Amino acid sequence: MTRTVEGVRIFRGPQGNPEGVLRRFVGKTEGHSQASLDRCKELLIAVTHWIPPRDALPVSVEDWKAHTPDWFVRACAPEMSMARAEEELRAWRALDEAGKRRYQAEQPWTFANWIAWFDYSSDPQRSWRWWNGGTNDDSEFWIEVEVFEDPAGVGTLTWMMRAAGAWSVIEGGSHDR
């Protein structure tokens, strides 16, 4: 049994009216859209049901990994050394805005960077919650999220979809409440 409103939505679809803006993201796959959608659901249930209480001590990355599906942990990029991270940052700063967006869309996230957005003890907090999801056909699935901030940081969502099997993720529209 799920313990969160978001979890209920993952299993049963939308409940009530959105408090934020709805945005839809479409993932293109190589013919396995339902499996990719199911992986996204599995991952979100795992990390949203294990979030430690707000007053808990910071949780280690290894503790988070133990509560996260193996397929996702394996899909994430290796953690970077400080020197490598500084090198990546310099390269990123040299890009124009379109290049930065393309770079962010194409690069795999490290597990530590992704999970930090789900950990209440860290500064970044994700600004979206699952609203609904489905498939259009064997090669396309979609996830609709409720967004609470503008601009919303949806990189965690798009990386989740790519790690689950999408070779491309694009935003497919938004709906005001």
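**Close-up views of a predicted model**

**View 1. Helix α2 meets helix α8.** In this view R39, C40, L43 and L44 of α2 are in contact (heavy atoms within 4.5 Å) with M160, M161 and A163 of α8. Sorted by class, this contact of α2 with α8 holds 6 nonpolar, no polar and 1 charged residues, where Ala, Val, Leu, Ile, Met, Phe, Trp, Tyr, Cys and Pro count as nonpolar, Asp, Glu, Lys and Arg as charged, and the others, Gly among them, as polar. The axes of helix α2 (residues 33-49) and helix α8 (residues 155-163) come within 9 Å and cross at roughly 125°, which makes α2 oblique to α8. Axes are lines fitted to C-alpha atoms, for helices over the stretch in contact, with angles running from 0 to 180 degrees between N-to-C directions; angles under 35 degrees count as roughly parallel, over 145 as roughly antiparallel, 65 to 115 as roughly perpendicular and the rest as oblique. Helices (H or I, at least four residues) and strands (E, at least two) are DSSP runs, numbered from the N terminus.

The model is predicted, so that local features need pLDDT of at least 70 and side-chain atom pairs count only at pLDDT 80 or more, while totals for chains, interfaces and linings use all residues. Residues are numbered from 1 along each chain as its sequence is written, and side-chain values use heavy atoms, with hydrogens and water left out.

**View 2. E140 in strand β3.** E140 belongs to strand β3, which covers residues 140-147, and it counts as buried because its relative accessibility is 16% (buried means under 20% relative accessible area, exposed over 50%, partly exposed in between, with a 1.4 Å probe and protein chains only). Its side chain makes a polar contact of 2.4 Å with that of K28 and another of 2.5 Å with that of N136; a polar contact is a pair of N or O atoms within 3.5 Å, and within protein one must be able to donate a hydrogen and the other to accept it, while residues adjacent in sequence count only if both atoms are side-chain atoms. Apart from neighbours within four places in sequence, E140 is in contact with V26, G27, K28, T29, S33 and T135.

**View 3. G13 in a loop.** G13 lies in the loop between α1 (5-12) and β1 (21-28) and, at 8% relative accessibility, counts as buried. Residues up to four places away in sequence aside, G13 touches V8, W131 and N132. The C-alpha atoms of G13 and W130 are separated by 9.3 Å, although these residues are 117 apart along the chain.
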